[in-house]
Amino acid sequence: MNLVDIALLSGAGLAAGTVNAIAGGGSLITFPALIATGLSPVAANVTNSVSVFPGYAASVYGSRSDLADLARDSSRRLLLSVLPTSVVAAALGCLLLLATPARAFDLVVPFLVLAAATTLAFQDRLRRLVGHPRDLSPRRQALSLHAMVFAGSLYGGYFGAALGVMLVAALGLVLDQSMARVSALKNVISAIGGLVTVVAFAAFGPVDWADVLVVAPTAMIGGYVGARLARRLPSAVLKWLIVVFGIGVGLVLLYRAVF
């Protein structure tokens, strides 16, 4: 690794950590950077998953005030109960990545991202159709929350690009909370899934640890900065920032899958 590679990976890690904390999709920055340094796609994917985890952890710390507010307003037991769901789903996602060909799923991913961004854009209208979160029974809200977390964590364990967009869109349909608080919960779920991928890929994946040592510290700095920025943005601004970024990520992934 030369100085150019170090500079490239450091900048990519900082940008990815910031973007992941605000909207998600930072993997689209670090993944190509790792490829550019000479890693194979599989090695770049698992190295990227390990590298961005410190950024997720830092974003949780950066959004701790919103998490505390969310715990006071919602059922702490309900929020804690989704953590095992996230762990199991992320582990299954890692297993899918290591044991199955990626081509078929690669073709589906762009449409999932675009659907998530569209869901977030029309969230208020969808709430009128499926019911506002405050009108859901406790049982239905719990089941819906677990389903959303499971689906998002499964995807996060497999690839994870734009995971934040998907989680914010899904969680916003079942939680009657501000965008900043939903984003804070998204950071926790992303961090838990990230920890699972670190363990799985460290044990069974071709991780390039030299690249991890470059990307991880800057991703951690970016994650903290992004989380602090996200909680200062008005809900409407944060929402549309995530929507626009999600559409962009979906189109990039679609282009890569087709061409």
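Is the crossing in which H2 passes H3 right-handed or left-handed? H2 passes H3 in a right-handed crossing. This is a predicted model.

**Two helix pairs**

Two packed helices are described by the angle between their axes and the distance between the axes.

| Helix pair | Axes come within | Crossing angle |
|---|---|---|
| H2 (residues 27–36) and H3 (residues 41–62) | 9 Å | roughly 130 degrees |
| H3 and H10 (residues 179–204) | 8 Å | roughly 145 degrees |

Take H2 and H3. Their axes cross at roughly 130 degrees, and the two helices are therefore oblique to each other. On the H2 side, the contact uses Ser-27, Thr-30, Phe-31, Leu-34 and Ile-35. On the H3 side, these meet Pro-41, Ala-44, Asn-45, Thr-47, Asn-48 and Val-52. By class, this contact holds six nonpolar and five polar residues, with no charged residues.

Now take H3 and H10. Their crossing is left-handed. H3 brings Val-46, Ser-49, Val-50, Phe-53, Tyr-56, Ala-57, Ser-59 and Val-60 to the contact. H10 brings Asn-187, Val-188, Ser-190, Ala-191, Gly-194, Leu-195, Thr-197, Val-198 and Phe-201. The classes here are 11 nonpolar, six polar and no charged residues.

**The nonpolar cores**

In soluble globular proteins, nonpolar side chains tend to be buried together. Here, the largest nonpolar core has 51 residues. Which residues have the most contacts inside it? They are Val-113, Leu-145, Leu-171 and Ile-242.

H3, H5 (76–99), H6 (103–121), H8 (138–158), H9 (163–174), H10, H11 (209–232) and H12 (235–258) each supply at least two of its residues.

Leaving out residues up to four places away in sequence, Leu-171 touches Leu-145, Val-149, Val-182, Leu-185, Lys-186 and Ile-189.

Another core, of 10 residues, lies apart from the largest one. Its members include Ala-12, Phe-31, Leu-39 and Val-215.

**An exposed valine**

Val-4 sits in helix H1 (residues 3–22). Is Val-4 buried or exposed? Val-4 counts as exposed because its relative accessibility is 62%, and the cut-off for exposed is over 50%.

Val-4 can also be compared with Thr-37. In sequence, Val-4 and Thr-37 are 33 residues apart. In space, they are 9.2 Å apart, C-alpha to C-alpha.

Conventions:
Residues numbered from 1 in each chain as written. Predicted model: local features only at pLDDT ≥ 70, side-chain atom pairs only at ≥ 80, totals over all residues. Heavy atoms only, no water. Axes fitted to C-alpha atoms, helices over the stretch in contact; angles between N-to-C directions. Helix = DSSP H or I, 4+ residues; strand = E, 2+ residues; numbered from the N terminus. Parallel < 35°, antiparallel > 145°, perpendicular 65-115°, else oblique. Left-handed = near helix turned anticlockwise from the far one by under 90°. Contact = heavy atoms within 4.5 Å. Nonpolar A, V, L, I, M, F, W, Y, C, P; charged D, E, K, R; others polar. Core = buried A, V, L, I, M, F, W, Y, C linked by side-chain atoms within 4.5 Å. Buried < 20%, exposed > 50% of the residue type's maximum accessible area, 1.4 Å probe, protein only.
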